[in-house]
Amino acid sequence: MKTAVALAALVLAASCAQQPVQVAQAECKIAPVTTASIAGGKSRPVTSLEQRYAEMQLGTSQYRMAQLNSHGMLHNNVEEALRDCR
């Protein structure tokens, strides 16, 4: 019985390993806050360095810590936004 279960698990693992899994890349929605974006004006293109800096600012913010304390990792929009950027 143990051998049959182990053999079934091995076959299942082998079949899953042969099939390439394609997942959609989530779009990072974190952007630096500028006066143009706050006023509703047309925003300029953001460089990757500016976007990474905005991610760092959000990741180390007091708002993120407050969200983690109140909601944890589930149903937390800040954590989902940071996760989409990786």
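**Figure 1. Contact of helices α4 and α5 in the predicted model.** Y63, R64, Q67 and L68 of α4 meet N77, V78, E79 and L82 of α5. By class, this contact of α4 with α5 comprises 4 nonpolar, 2 polar and 2 charged residues. The two helices span residues 62-71 (α4) and residues 77-84 (α5), and their axes come within 9 Å and cross at roughly 115°. The coordinates shown here and in the following views belong to a predicted model.

**Figure 2. Overall context of the helices.** The protein chain contains 5 helices and 0 strands. Along the sequence, the pattern of the protein chain reads α-α-α-α-α. The protein chain has 86 residues, of which 15% count as buried. Among contacts in the protein chain with a separation of 6 or more, 41% are accounted for by residues 24 or more positions apart.

**Figure 3. The buried side of helix α5.** V78, E79 and L82 are buried in α5. These residues lie on the same side of α5, because they cover an arc of only 95° around the axis. The cover over the buried residues of α5 includes α3 (48-59) and α4.

Figure 4. E79 belongs to helix α5. Is E79 buried or exposed? The relative accessibility of E79 is 5%, below the 20% limit, and E79 therefore counts as buried. When residues up to four places away in sequence are not counted, E79 touches R64, L68 and M73.

**Figure 5. Q67 of helix α4.** Q67 is placed in helix α4. The relative accessibility of Q67 is 14%, so this residue counts as buried. Leaving aside residues up to four places away in sequence, Q67 touches G72, N76, N77 and V78.

Figure 6. H75 is located in the loop between α4 and α5. What is the phi of H75? H75 is not a glycine, yet its phi is positive, at about 55°. Most residues other than glycine have a negative phi. H75 has a relative accessibility of 74% and therefore counts as exposed. N76 provides the cap at the N-terminal end of α5, where a side-chain oxygen of N76 lies 3.2 Å from the backbone nitrogen of V78. V78 is also one of the buried residues of α5.

**Figure 7. The disulfide of C28 and C85.** The whole structure has 1 disulfide. A disulfide is a covalent bond between the sulfur atoms of two cysteines. Here the disulfide is formed by C28 and C85, with sulfur atoms 1.7 Å apart. This pair links distant parts of the chain, 57 residues apart: C28 lies in the loop between α1 (2-18) and α2 (35-39), and C85 lies in the segment after α5. The link of C28 and C85 is right-handed, with 70° about the S-S bond. Are C28 and C85 buried or exposed? Both cysteines, C28 and C85, are buried.

**Figure 8. D84 and K29.** D84 is a residue of helix α5. With a relative accessible area of 32%, D84 falls between the limits of 20% and 50% and is therefore partly exposed. How many residues apart in sequence are D84 and K29? They are 55 residues apart in sequence, and their C-alpha atoms are 7.8 Å apart in space.

**Figure 9. S48 and A31.** S48 is found in helix α3. The relative accessible area of S48 is 58%, over the 50% limit, so S48 is exposed. From C-alpha to C-alpha, S48 and A31 are 9.8 Å apart in space, and in sequence they are 17 residues apart. Helix α3, to which S48 belongs, is included in what covers the buried residues of α5.

Key. Residues are numbered from 1 along each chain as its sequence is written. This is a predicted model: local features need pLDDT of at least 70, side-chain atom pairs count only at pLDDT 80 or more; totals for chains, interfaces and linings use all residues. Side-chain values use heavy atoms; hydrogens and water are left out. Axes are lines fitted to C-alpha atoms, for helices over the stretch in contact, and angles run from 0 to 180 degrees between N-to-C directions. Helices (H or I, at least four residues) and strands (E, at least two) are DSSP runs, numbered from the N terminus. Contact means heavy atoms within 4.5 Å. Ala, Val, Leu, Ile, Met, Phe, Trp, Tyr, Cys and Pro count as nonpolar, Asp, Glu, Lys and Arg as charged, and the others, Gly among them, as polar. Buried means under 20% relative accessible area, exposed over 50%, partly exposed in between (1.4 Å probe, protein chains only). The arc is that of the directions from the helix axis to the C-beta atoms. A polar contact is a pair of N or O atoms within 3.5 Å; within protein, one must be able to donate a hydrogen and the other to accept it, and residues adjacent in sequence count only if both atoms are side-chain atoms. A disulfide is a pair of cysteine sulfur atoms within 2.5 Å.
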